[in-house]
Amino acid sequence: MERFLISGATSPLGLALTNKLSELGISSTLIVNKKTTNNGLIKKLKGETLDCDLSCPRSVDILCNEIERSYTSFSAFVHLAATAPEDDYDIGVLGETFNVNVFSGWRIAKTCIAMMERAIGGRILFVGSVGQKFGGKNARAGYAASKFLLEYFPKYFRECGANGILVNTLRLGVMEGGTQTKTDVSSSDFTKRVDLIPTRTCISHAEAVKNILFLCSEENKSIHNSVLTCSGGE
């Protein structure tokens, strides 16, 4: 039976993905930080939830132990979780950003791969950002840099391909309801940003979800350790 494990499930893209999975009759387990997420939003999620603060290594270890105890395997793990605080090159803030955006995802993926090997296959997908190509925003270097790191595949994530486990990164472009909402980008500035895209259109949640579902499906038999870009030509 298909079951997705998803971090960042309460983001606009995460909600679009979980809703689509529910429509398709696919079960999902959703990683949320219950201390910082509105309880009303958590109740609306279509899937069971696991509590974790992805910025805290100890919390991530506890989560991985719970996954190993409670589940046989997942057909796919999608790491959508992201934070984009103003860091101004503060090492402590940068560290937390990398923990959430990258290192927690790697740790959870490693746990999932071990389970997927026993289940003979699975899919891992990290979601990156086209913004890293342009250096990101001046006060938020950690966000762009961490998203760039998601395009690096450690050897462990390469060798698992021999066991039917495919690991990729989907690099997404400017998306309405994305990080511009978190970083308080005005509507006029967002429009100016979209006008810089060759296609002059932002990426929709529906299009991003279609790409995610394909890369995480058994239809994808050969795309492995690849970075696929959905960014309107940027």
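These legends accompany several close-up views of a predicted model.

**View 1**

**View 2**
Strand β2, made of residues 27–32, runs parallel to β3 and is joined to it by 4 bridges.

**View 1. Strand β4 between its two partners.**
Strand β4 is joined to β1 by 4 bridges, and the two strands run parallel; within this pair, the bridge partner of Leu5 is Phe77 in β4. Strand β4 also pairs with β5 in the parallel sense, again over 4 bridges, and here Val78 stands opposite Leu125 in β5.

**View 2. The two covered faces of β4.**
In a regular strand, the side chains alternate between the two faces of the sheet. In β4, Ala76 and Val78 are found on one side, while Phe77 and His79 are found on the other. Are these four residues buried or exposed? All of them are buried, and both faces of β4 are covered.

**View 3. Helices α3 and α4 packed together.**
Helix α3, residues 57–70, packs with helix α4, residues 91–119, at an angle of about 20 degrees, and their axes are 10 Å apart. Because angles under 35 degrees count as roughly parallel, α3 and α4 are described as roughly parallel to each other. The crossing in which α3 passes α4 is right-handed. On the α3 side, the residues that meet α4 are Pro57, Val60, Asp61, Leu63, Cys64, Ile67 and Glu68, and they face Asn99, Ser104, Arg107, Ile108, Thr111 and Met115 in α4. Sorted by class, this contact of α3 with α4 has 7 nonpolar, 3 polar and 3 charged residues.

Gln132 is placed in the loop between β5 and α5, the latter being residues 141–149. Is Gln132 buried or exposed? Its relative accessibility is 13%, so Gln132 counts as buried, since buried means under 20%. Leaving aside residues up to four places away in sequence, Gln132 touches Ala144, Phe148, Glu151 and Arg171. Pro198 lies in another loop, the one between α8 (187–195) and α9 (205–215). With a relative accessibility of 55%, Pro198 counts as exposed, because exposed means over 50%. Although Pro198 and Gly232 are 34 residues apart in sequence, they are 6.1 Å apart in space, taken from C-alpha to C-alpha. Pro198 touches Gly232, Gly233 and Glu234, again not counting residues up to four places away in sequence.

Terms used
Residues are numbered from 1 along each chain as its sequence is written. This is a predicted model: local features need pLDDT of at least 70, side-chain atom pairs count only at pLDDT 80 or more; totals for chains, interfaces and linings use all residues. Side-chain values use heavy atoms; hydrogens and water are left out. Axes are lines fitted to C-alpha atoms, for helices over the stretch in contact, and angles run from 0 to 180 degrees between N-to-C directions. Angles under 35 degrees count as roughly parallel, over 145 as roughly antiparallel, 65 to 115 as roughly perpendicular and the rest as oblique. A crossing is left-handed if the near helix is turned anticlockwise from the far one by less than a right angle, and right-handed if clockwise. Contact means heavy atoms within 4.5 Å. Ala, Val, Leu, Ile, Met, Phe, Trp, Tyr, Cys and Pro count as nonpolar, Asp, Glu, Lys and Arg as charged, and the others, Gly among them, as polar. Two strands pair if DSSP finds at least two bridges between them. Buried means under 20% relative accessible area, exposed over 50%, partly exposed in between (1.4 Å probe, protein chains only).
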